[in-house]
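Let's take a walk through a protein model and see who is holding hands with whom. Have the sequence and the 3D view ready.

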Amino acid sequence: MTAPIPRDIPDIPAVPGIPALLPLPVPASAVMAPVRRPLTAVYRALIAFVAVAGVMIVLLLGSPVRVLTYFEVQSNILLAIVFAAAARRDWSARRPLPSALTGATLLYIVITGAVYHLLLADGAIPFTMTPGSGPTGWASAANQILHTVTPVAALLDWLLLTQPGRLRIRQAAPWMLYPVAYLAVSLTRGELILPGTPGRYLYPFLDVDLHGYKSVLANALLLGLAFYALAVLLIAADHARPKPLRHHGKTGFRL
């Protein structure tokens with residue numbers, strides 16, 4: 001005969017020294033296969049092409065060394081590089097670019113459009129750079145591409161084609177390093193150029209000969225605070241906006 005099996009089996013105590021297994025968060029990218037997005041890739045490649053076209057036009061119309069020192073030209077070059085890389089990743093179903101890079105690119109191109117339309121293009125403001133009728137012909141086309149077309153296209157890409165909630169508030173302060181460095185280089189450049197030289201300072205609100213260092217630094221401080229507020233606003237909007245509508249492909253575990 002065999003001994004009867006007891007109905008109530010006492011719990012076996014845990015072996016000391018062996019920690020309990022805790023659930024670990026697994027990023028979605030490790031579980032879900034990236035989705036190929038050809039239409040998004042084509043759109044971003046088109047934006048990159050348009051930005052390059054605008055930069056090439058202004059390079060052909062003016063002095064390349066001087067043209068490359070403008071903030072709008074530099075921000076459009078960055079936009080072209082980042083969007084070309086993003087288009088390649090979308091086409092080949094790779095992970096998206098880091099949000100710190102894409103967020104900085106978006107901020108700088110929005111600054112380009114906002115500063116131009118709010119300060120430089122308004123004839124009623126003393127900082128205007130387009131007195132009278134403004135540029136014409138190819139110069140006007142390049143002007144619209146660099147200050148209007150690419151900023152609007154980048155905003156539409158962020159709103160409609162980018163996953164929300166990727167930007168972080170801790171990224172806002174590092175994004176300000178480039179505008180601060182640009183200010184320092186612009187003022188240093190002005191000091192190295194002989195007084196009275198046309199175009200000694202690139203922007204009217206940075207013209208030390210016209211306003212003096214006190215006013216220029218005050219203008220720079222106000223613009224810097226406005227840029228930081230814009231960065232925070234973009235981050236807040238990135239977390240508040242809904243997810244873009246798009247078709248999700250098949251997903252599964254990757255080996």
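Arg241 and Asp238 are both buried, where buried means under 20% relative accessible area, exposed over 50% and partly exposed in between (1.4 Å probe, protein chains only). Their side chains meet in a salt bridge, 2.9 Å from N to O; the term stands for a side-chain nitrogen of Lys or Arg within 4 Å of a carboxyl oxygen of Asp or Glu.

Before going on, keep in mind that this is a predicted model, where local features need pLDDT of at least 70, side-chain atom pairs count only at pLDDT 80 or more, and totals for chains, interfaces and linings use all residues. Residues are numbered from 1 along each chain as its sequence is written, and side-chain values use heavy atoms, with hydrogens and water left out.

The structure holds 5 salt bridges, and here are three of them:

| Pair | Closest N to O |
|---|---|
| Arg37 and Asp90 | 3.5 Å |

Asp90 is buried, at 7% relative accessible area, and Arg44 counts as buried at 9%. Asp90 sits in helix 4 and Arg44 in helix 2, so their bridge ties together parts that are 46 residues apart in sequence. Helices here are DSSP runs (H or I, at least four residues), numbered from the N terminus. Arg37 is buried too. Shared partners join Arg37, Arg44, Asp90 and Asp157 into one salt-bridge network.

Now for the rings. Which kind of aromatic pair do Phe71 and Tyr182 form? Theirs is edge-to-face, 5.5 Å centre to centre with 85° between the planes. Rings of Phe, Tyr and Trp (its six-membered ring) pair if their centres lie within 6.5 Å; planes under 30 degrees apart count as stacked, over 60 as edge-to-face and the rest as tilted. Phe71 lies in helix 4 and Tyr182 in helix 8, so this pair ties together parts 111 residues apart in sequence. Both residues, Phe71 and Tyr182, are buried. Ring pairs also link Phe71, Tyr108, Tyr178 and Tyr182 into a cluster.

Finally, the greasy inside. The largest nonpolar core has 50 residues, and Leu107, Trp175 and Tyr203 have the most contacts inside it. Helix 5 gives the most to this core, with 10 residues. A nonpolar core is a set of buried Ala, Val, Leu, Ile, Met, Phe, Trp, Tyr and Cys residues joined through side-chain atoms within 4.5 Å.

Note on methods. Helices (H or I, at least four residues) and strands (E, at least two) are DSSP runs, numbered from the N terminus.
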